[in-house]
Amino acid sequence: MKAIEIYHAGGPEQLKMIDKPVPRIKPGWTLIKIKAFGLNHAEIYTRQGQSYPDVKFPRVIGIEAVGEIFKTNNSDFQVGQRIMTLMGNFGRHFDGSYEEYALVPDSQIYPLNLDRSWEELAAIPETGYTAIGAIKASKVSEKSSVLVRGATSTVGTAATMIMKTIGAKVTATTRKPEHVQFLKDVGADTVIIDKDGKLQTSQKFDAIIDFVGIKVLYDTLSHLNPGGIQTIVGGLGEDKWTVDNFDPFAIPSGSYLTNFSSDPVNKDWLNELIEIIKQNDIHFPIAHTFKLDEIVQAHQLMESGKAVGKMIVTE
C-alpha cells in the first residue's frame, strides 16, 4: 500500500511516499480503509519535531481519517461500515492517516452515519469535535454573546456555524477585512477586525472561544464579561504555549479562563455533533482537495496560512 512516512523532522519535503505492507489485524485493533482525511496544523508541529517530543520517527502522521471497516474481529463492526477515527495518539504513537490502510484501536473507531461524499465527511472529525467541545467548555447557550477569536480557522468557522444553530449571538474576528463577508456567510452576526493583536472594539462577551492564543491573551481577557468564560483552544501561528510572568488578576473578577483539548474524545459529544450536522444540514467549508501523492504541496499551502476552510486529502 502507499503511505507517507517521515524519517527526519523538518519541512514539507520530509514527507516521503513509500510502499509498505498492509497491516495485519490483532486483538483489539481493526484495519480501516482510509477514504479521505483532513489536514491539521498539529501535523505541521509533529512534522517539525515540535510540541510532541515523544513522537518517534519514522512515523506515518495524521490525527484523523474517515473510511470503511476493512478487516476486524470485533462483532460491533461490519466490513464496509462507514467510520471515523481521531486523536488518541493516532499518527503520533502509532501510524496515522497518511496512508491507504490504518490499524486502529477498536476504542478509537466511531460510526459515521451521515450520507455525504468522503471529502465532506473528512472535514468533520477533528474540526467538528474540537468546535463542539470548545462550545461545551464555554457553556454557550441560546442567550450567550460569544466572541470567536481567530474565526477564519477551520475550527473557528465550524464553531460559528454550530453556535448559530443554538441561537447564540456570535461575533467573529479576523485580521483581514477581505474575510469579513466569508464570516458573515457562515453565520457570524458581527465581525471585528483584529489589528496588530488588538480587537478594534470595546465590547465585552459572555463567552470567548480563542483560537489565537497566548500572544493576545491579555487583550482577549479584556473583552470578557464578569462571570464569563474564556476557552483557549489553539495558538494560530504560535510555537509558544505558555505565558511568562502571568498575572492572574488579568482575569476579570468572577470570570474563568480554561482550555479545551480534543483528546480524549467524548463519544456523546461526537454523536451530538453528527446529529446537529444532520438536522441543520451543516457543510463545513473545504478550501482545497489533494491526492495522497500531493501531500508536500498540501503541507506547503497549509503552512502558508492562505487557505480558508478545511484542506482534504483523498485516496
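**Figure 1. Overall view of the protein and its surface.** The accessible surface of the protein comes to about 14000 Å², and carbon and sulfur atoms hold 48% of that area. The structure shown is a predicted model, and its secondary structure consists of eight helices and 16 strands. Along the principal axes, the C-alpha atoms fill a box of roughly 60 × 40 × 35 Å. The radius of gyration is 19 Å, which agrees with the value near 20 Å that a compact globule of 315 residues would have. Of the 315 residues, 53% are buried, and among the contacts with a separation of 6 or more, 69% are made by residues 24 or more positions apart. The side chains include 33 that are positive and 38 that are negative, and the centres of these two sets lie 1 Å apart.

**Figure 2. Close-up of helix 4 and the elements around it.** Helix 4 is formed by residues 154-166, and its 13 residues reach 19 Å from the first C-alpha to the last, close to the 18 Å expected at 1.5 Å a residue. The buried residues of this helix are Val155, Gly156, Thr157, Ala158, Ala159, Thr160, Met161, Ile162 and Met163. Just after helix 4 comes Gly167, which takes a positive phi of about 105°.

Figure 3. Thr157 lies in helix 4 and has a relative accessible area of 3%, so it counts as buried, the cut-off being under 20%. When residues up to four places away in sequence are not counted, Thr157 touches Ala151, Thr152, Phe182, Val186 and Pro285.

Figure 4. Most peptide bonds are trans. Phe57 and Pro58, however, are joined by a cis peptide bond with an omega of about 5°, and Pro58 lies in the loop that runs between helix 1 (41-48) and strand 4 (64-71). A cis peptide bond also joins Asp263 and Pro264, where omega is about 10°.

Figure 5. Most residues other than glycine have a negative phi. Lys139, by contrast, has a phi near 50°, a positive value in a residue other than glycine, and it is found in the loop between helix 3 and strand 8. With a relative accessible area of 64%, Lys139 is exposed, because a residue counts as exposed when this value is over 50%. Asp281 is not a glycine either, and its phi is likewise positive, at about 50°. The loop that holds Asp281 runs between helix 7 and strand 15 (286-291), and the relative accessible area of Asp281 is 51%, so this residue is exposed as well.

Methods: Residues are numbered from 1 along each chain as its sequence is written. This is a predicted model: local features need pLDDT of at least 70, side-chain atom pairs count only at pLDDT 80 or more; totals for chains, interfaces and linings use all residues. Side-chain values use heavy atoms; hydrogens and water are left out. Helices (H or I, at least four residues) and strands (E, at least two) are DSSP runs, numbered from the N terminus. The radius of gyration is taken over C-alpha atoms; the globule rule is 2.2 Å times the number of residues to the power 0.38. Buried means under 20% relative accessible area, exposed over 50%, partly exposed in between (1.4 Å probe, protein chains only). Contact means heavy atoms within 4.5 Å. Accessible areas come from the Shrake-Rupley method with a 1.4 Å probe; for residues, only the protein chains shown count as cover. Lys and Arg count as positive and Asp and Glu as negative; His and the chain ends are not counted. The place of a charge is taken as NZ of Lys, CZ of Arg, CG of Asp or CD of Glu. The expected span of a helix is 1.5 Å times one less than its number of residues.
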